[in-house]
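Have the sequence and the 3D view open while you read. We'll go through this one topic by topic, starting with a single spot in the chain.

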Amino acid sequence: MRSRAVILAGGEGSRLGVLTAKRAKPAVPFAGKYRIIDFVLSNCVNSGIFDVLVLTQYRPHSLNEHIALGRPWDLDRSFTGGVKLLQPYQGRFDTDWYAGTADAVTQNLNFVRRSHPRNTLILSGDHIYEMDYDMLIDFHEENNADATVCVIRVPMDEASRYGIMAVDEHDHIVDFVEKPANPPGDLANMGVYVFKTDVLDRLLVEDALKDDSRHDFGYNIIPSMIAKGMNVIAYPFGGYWIDVGTIDAYWEAHMDLLDAPPSLDLNDRSWIIHTRSEERPPVRIEKGAIIEDSMITDGAVIAAGAHVVRSVVSPGVYIGPDTYVYESVILTDSYIEKGARIERSVIDKGVVVGYGARVGEAVDVGDLAISCVGKNTTIPPNFIVERSAVLGTDLDAADILDQYPEGVIPAGQQMKFRTRQ
């Protein structure tokens with residue numbers, strides 16, 4: 001076998017706040033009908049890689065349900081590959097949770113070794129991009145690399161979020177530092193690696209014996225390979241790629257889809273993003289509704305007099321009469337009542353925004369100041385959620401009014417939990 005893919009999909013995604021309170025980061029909905037993990041799974045099958053291991057950990061239930069047997073990605077195969085979802089377990093010697101990204105693979109080495117793949121592709125399950133991994137593997141083999149690391153240029157003010165590396169004139173990586181406080185450059189690790197499987201096997205077994213290791217590819221495995229003088233090559237990627245690791249990045253990625261032309265073309269029939277989705281009726285747009293530069297998904301209803309501008313509306317969302325939705329992301333089955341106003345906000349699944357309520361009320365707080373409302377929360381009528389404020393999951397109107405009786409949650413404040421029994 002030429003290659004097997006291992007997708008690391010166990011991340012808690014704590015910087016996404018209430019969006020990951022009830023789901024793993026790769027399971028977070030994206031672009032109306034998709035989940036974040038759909039992009040890496042689709043990259044695999046579009047690249048001809050049909051042998052995929054998905055390593056889950058944090059709140060895996062929605063991810064397991066979404067992927068299931070892998071049928072939407074043509075990964076429901078019994079004898080020739082397919083998709084397998086693996087979670088940490090307690091055995092005679094292994095204790096419990098994965099200690100790091102490398103440890104996650106180490107604990108599942110027996111599955112990685114099966115069928116003796118020549119190369120092992122290590123992928124993050126929480127990035128948005130399209131890449132032909134077959135071309136990457138060709139590059140890896142042509143250079144006889146022990147490991148190949150995909151890299152991309154990032155803005156210097158964001159470089160501290162990534163692993164930053166230096167390369168020589170032949171693209172050999174000569175230095176690598178993970179998430180430096182003062183980045184020495186802007187060439188960032190994308191979290192996409194190809195290893196010779198026998199090299200990966202040896203490195204992971206060695207690393208597992210080190211008590212002082214974080215058992216992480218970025219912090220330990222790649223730097224140790226460079227220190228040993230191994231052949232570690234950078235593969236420059238020139239396409240669109242974003243780590244949707246924060247609410248602001250998640251919102252920005254959606255706005256990128258609404259550009260003309262979009263940064264990532266979901267209508268490209270040569271590179272289909274597959275997903276598991278339920279049947280929904282066609283979109284209904286009532287007389288007098290105005291929609292500008294937006295994505296509206298199956299089952300949505302846009303009522304008379306509603307005005308939707310540069311927004312993503314997910315399946316089953318109801319946008320009531322005379323509402324105004326601007327530069328916002330509204331997730332599945334949310335209900336926006338008459339006269340509500342939503343600006344620069346992310347609204348999770350099953351949220352009710354009451355009559356005349358305002359979310360993302362403009363105040364001068366700097367930066368993007370994206371507001372966020374957690375899953376299944378009900379915002380009282382005429383209530384105001386100011387810019388960058390956050391409401392948690394499963395809050396009802398009485399919960400919110402108990403804490404904010406004046407009808408306003410000020411900019412930057414967070415209400416994550418019920419304040420009454």
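**A quick briefing**

Let's start at Glu327, which sits in the loop between strand E21 (324–326) and strand E22 (329–330). Keep in mind that you're looking at a predicted model. Zooming out, the chain has 9 helices and 33 strands. With a radius of gyration of 23 Å, close to the 22 Å that the globule rule gives for 421 residues, the chain is as compact as a globular protein of that length.

- Is Glu327 buried or exposed? It counts as buried, because its relative accessibility is 8% and the cut-off for buried is under 20%.
- Arg344 also isn't a glycine, and it has a positive phi of about 45 degrees.
- You'll find Arg344 in the loop between strand E24 (341–343) and strand E25 (345–347).
- Arg344 has a relative accessible area of 23%, so it is partly exposed.
- Now look for a cis peptide bond: it runs from Ala260 to Pro261, with omega near -5 degrees.
- Pro261 belongs to the loop between helix H8 (247–257) and strand E14 (284–285).

**Two open sheets**

- As background, strands of a sheet pair through backbone hydrogen bonds, either parallel or antiparallel.
- Another open sheet of 7 strands has the order E16-E19-E22-E25-E28-E31-E33, with parallel pairing.
- Its edges are strand E16 (295–296) and strand E33 (414–415), each with a single partner strand, so one side of each has no neighbour in the sheet.
- Strand E28 (residues 371–373) and strand E31 (residues 390–391) pair in the parallel sense over 2 bridges.
- Val373 has Leu391 in E31 as its bridge partner.

**A closer look at Lys179**

- Where is Lys179? It is in the loop between strand E10 (173–178) and strand E11 (187–196).
- Lys179 is partly exposed, with a relative accessible area of 44%.
- Leaving out residues up to four places away in sequence, Lys179 touches Ser160, Arg161, Tyr162, Gly163 and Tyr219.
- Take Tyr219: along the chain it is 40 residues apart from Lys179, and their C-alpha atoms are separated by 8.8 Å.

**The whole chain in numbers**

- Along its principal axes, the C-alpha trace spans about 65 × 50 × 40 Å.
- Of the 421 residues, 55% count as buried.
- Among contacts with a separation of 6 or more, 56% come from residues 24 or more positions apart.
- The accessible surface of the chain comes to about 18,300 Å², and 47% of it belongs to carbon and sulfur atoms.
- How many positive and negative side chains are there? The chain has 40 positive and 60 negative ones, and the centres of the two sets lie 6 Å apart.

Methods:
Residues numbered from 1 in each chain as written. Predicted model: local features only at pLDDT ≥ 70, side-chain atom pairs only at ≥ 80, totals over all residues. Heavy atoms only, no water. Helix = DSSP H or I, 4+ residues; strand = E, 2+ residues; numbered from the N terminus. Rg over C-alpha atoms; globule rule 2.2 N^0.38 Å. Buried < 20%, exposed > 50% of the residue type's maximum accessible area, 1.4 Å probe, protein only. Contact = heavy atoms within 4.5 Å. Areas by Shrake-Rupley, 256 points an atom, 1.4 Å probe, with all protein chains shown as cover. Lys, Arg positive; Asp, Glu negative; His and termini not counted. Charge placed at Lys NZ, Arg CZ, Asp CG, Glu CD. Pairing = 2+ DSSP bridges.
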